Amino acid sequence: MASPPPPATAAAAAANPKRRPKPKPKAAGASTLNPNWAQLQSKLPRPAAATTLGKRKHRPDHPSPVPAPTEPAAEDAAAAAEVKLVPTSDDASLTKAVAVDCEMVGVGAGGSKSALGRVTLVNSWGNVVYDEYTRPVERIVDYRTHISGIRPKHMNKAKDFWVVQKDVAELIKGRILVGHALHHDLKVLLLGHPKKDIRDTSEYEVFRREGKRRSLKDLTAQVLGAKIQQKEHCPIEDARAAMFIYNKHKKVWEKNMKEQFRFRKKLKKRGKKKSAEGSGNDPNVPTLLHVAGQPAVGGLPAPCGGPMPACCGSRSR
C-alpha cells in the first residue's frame with residue numbers, strides 16, 4: 001500500500017491549483033490544424049496541375065459527378081399542367097363578344113343523330129352568362145356521357161329545347177359570336193348568325209397547321225398553355241378557352257376581318273356594275289321580249305308586252 005504524499009507537496013499543489021503537468025506534443029498532421037487555417041486553406045485557389053498525393057477521388061481524372069441541369073421543356077410542361085382557365089374579372093354582364101359551346105346527346109336510330117343537351121355562354125372575361133341543360137324534342141337514346149358529361153339525372157332540371165333556343169337567340173343577337181367549329185353548335189340550336197359577326201377558332205387561318213383545322217384542345221395547349229378535355233368535356237371550360245384564344249389575337253383578327261369584308265364589298269360592287277353594263281346591247285345576252293298582240297316566231301302569240309326584235313317580224317311560215 002502506497003504511503004500518502006508529504007505535507008509539503010500537498011501544500012504546494014493547493015497553492016498552485018492551475019499548475020498541471022504539460023502533455024507531450026503530438027505529431028503535426030491534418031487533424032491538428034487550426035479550424036480557421038483549414039477554412040482559409042479551402043478558400044485559397046488550388047494549383048492548376050493535379051498532384052498525385054491527394055486521394056483518388058480528388059484527382060482530375062476522376063471528377064466528382066455534377067448534377068444535370070433541369071431541362072426547360074420539362075419545366076414548361078410542368079407549368080402548363082398548372083395553368084387553369086379562370087375568369088379575368090368578376091363582371092358577369094353581357095359583352096360585345098360572347099363565346100358559346102354546346103354538348104350534344106344522341107337521338108334517333110341508334111343515337112346517331114345529334115341533339116342539344118347543354119349550352120353555355122360566357123362573356124369576354126370568361127364569366128358564365130347562360131348555362132342550361134336542354135331536353136331535346138326527340139327521345140334521348142345515347143347520352144354520350146364519356147364526352148358530353150351529361151347524365152339522365154341532368155334532364156330532371158332541363159329546359160325544353162324551344163325555350164333554350166329563344167333565350168340563346170336573344171343573347172347572341174347583334175353580338176360577335178366566338179367558338180370552335182361553330183357550325184356544329186348553330187346546327188343543333190337551329191339558329192343562324194351573320195357571317196361578319198362569327199369568330200371561329202377552327203376557321204382562322206393563323207391557327208391552321210398545313211391548311212388543316214386543329215382541335216380546341218391542341219390550340220388551347222399551344223396558345224394558352226392550358227390542358228382541357230382530359231376526360232369529359234366541360235362546355236364552360238371550352239367556351240372560356242375559345243374566348244381567351246380570341247382575346248389574345250383580337251387586334252389582328254379584327255383587322256383581318258375588316259379587310260376581308262371591305263375586299264368582298266368591292267368585288268360585289270364590281271359584279272353589279274358589270275352586269276348592269278352588259279344587260280344593254282350585249283350580243284351574248286338573248287332578248288326574247290315581244291309586242292303583245294303581234295305574232296312571234298312560228299305564228300305563236302307573243303308571251304309578253306316587250307318590243308319584238310326585227311328578225312321576229314320578218315320571219316313567218
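Author: Lys-266 is found in helix α9, residues 250-278; helices are DSSP runs of H or I with at least four residues, strands are runs of E with at least two, and both are numbered from the N terminus. This is a predicted model, where local features need pLDDT of at least 70, side-chain atom pairs count only at pLDDT 80 or more, and totals for chains, interfaces and linings use all residues. Residues are numbered from 1 along each chain as its sequence is written, and side-chain values use heavy atoms, leaving out hydrogens and water.

Reader: Why is Ala-181 called buried?
Author: Buried means under 20% relative accessible area, exposed over 50%, and partly exposed in between (1.4 Å probe, protein chains only). Ala-181 has 15%, so Ala-181 is buried. Ala-181 sits in the loop between β6 (176-179) and α6 (182-189), and has a positive phi near 55° although the residue is not glycine.

Reader: What makes Leu-190 count as exposed?
Author: Leu-190 has 54% relative accessibility, and therefore counts as exposed. Leu-190 lies in the loop between α6 and β7 (198-200); the phi of Leu-190, a residue other than glycine, is positive too, near 55°.

Reader: Which residues touch the most other members of the largest nonpolar core?
Author: A nonpolar core is a set of buried Ala, Val, Leu, Ile, Met, Phe, Trp, Tyr and Cys residues joined through side-chain atoms within 4.5 Å. Among its 23 residues, those are Leu-85, Val-178, Phe-207, Met-243, Ile-245 and Tyr-246. Helix α8 (235-248) gives the largest share, 7 residues.
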